[in-house]
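Welcome! Here is a short tour of a structure that may be new to you. Take a look at the sequence and the model first.

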Amino acid sequence: MNRRLGSSAVQHLRRKTLSGVYGEILEIGFGSGLNLDCYPAQVCSINAVDVLPLRLFSAAPKIRVCYQIMSAENLNFPDASFDSVVSTFTLCSIPNVGAALKEIARVLKPQGTLFFLEHGKSQSQIIAMLQKLLNPLYNLLACGCNVNRDVLKLIAESGLTLQSFQQQQYGFPISGFYFSGSAIKEGNP
């Protein structure tokens, strides 16, 4: 998974998604740190959480990482702590993704932004049916990943407002329907 999600084509998508990240930053599902080389030059520190101990971390010397083992479903940060929250290829594997997105909305400052690059349910009915059929096997083989989540709907249901998004097919149709963009927390800063 690290090899596929670290390919030059996917790293290009990460850079594009993260180009607008600003201020106090939280990255959920940090994994092996594949986003580190994709943050804009002005980013010098991030808070990162994952449910697993840090592995395969390729340190980017320009960014200081404050890493904590923590579930996105229960973030141990005060309300309105972050200007930006980053999620790349993470929402697919969180058991209670609705709770995680509500936590993200809670820790974002008013006018704060969720930046996301995820994969999920295809817009094609035929591929969506295949995703539903194959999801149990994919979930078992790919560390809890779900290929049939309606990412944009889940984000909208969290109370965040989709600001921009793109959809594209990338690679294998069952797992390769990608969504990238941003969603904002409404309110006065």
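Which side chain meets that of Asp83 in a salt bridge? The side chain of Lys109 does, at 3.5 Å from N to O; a salt bridge here is a side-chain nitrogen of Lys or Arg within 4 Å of a carboxyl oxygen of Asp or Glu. Please keep in mind that this is a predicted model, where local features need pLDDT of at least 70, side-chain atom pairs count only at pLDDT 80 or more, and totals for chains, interfaces and linings use all residues. Residues are numbered from 1 along each chain as its sequence is written, and side-chain values use heavy atoms, leaving out hydrogens and water.

**Salt bridges**
- The whole structure holds 3 salt bridges.
- Asp83 lies in strand 4 and Lys109 in strand 5, so their pair ties together parts 26 residues apart in sequence. (Strands are DSSP runs of E, at least two residues; helices are runs of H or I, at least four; both are numbered from the N terminus.)
- Asp83 counts as buried at 17% relative accessibility, while Lys109 is partly exposed at 28%. (Buried means under 20% relative accessible area, exposed over 50%, partly exposed in between, with a 1.4 Å probe and protein chains only.)
- Arg106 forms a salt bridge with Glu103, their closest N and O atoms being 2.9 Å apart.
- Asp79 and Arg106 also meet in a salt bridge, 2.7 Å from N to O.

**Helix 3**
- Helix 3 spans residues 97-107, and its buried residues include Val97, Leu101 and Ile104.
- Among what covers these buried residues are strand 1 (25-28) and helix 5 (151-157).

Note on methods:
Contact = heavy atoms within 4.5 Å.
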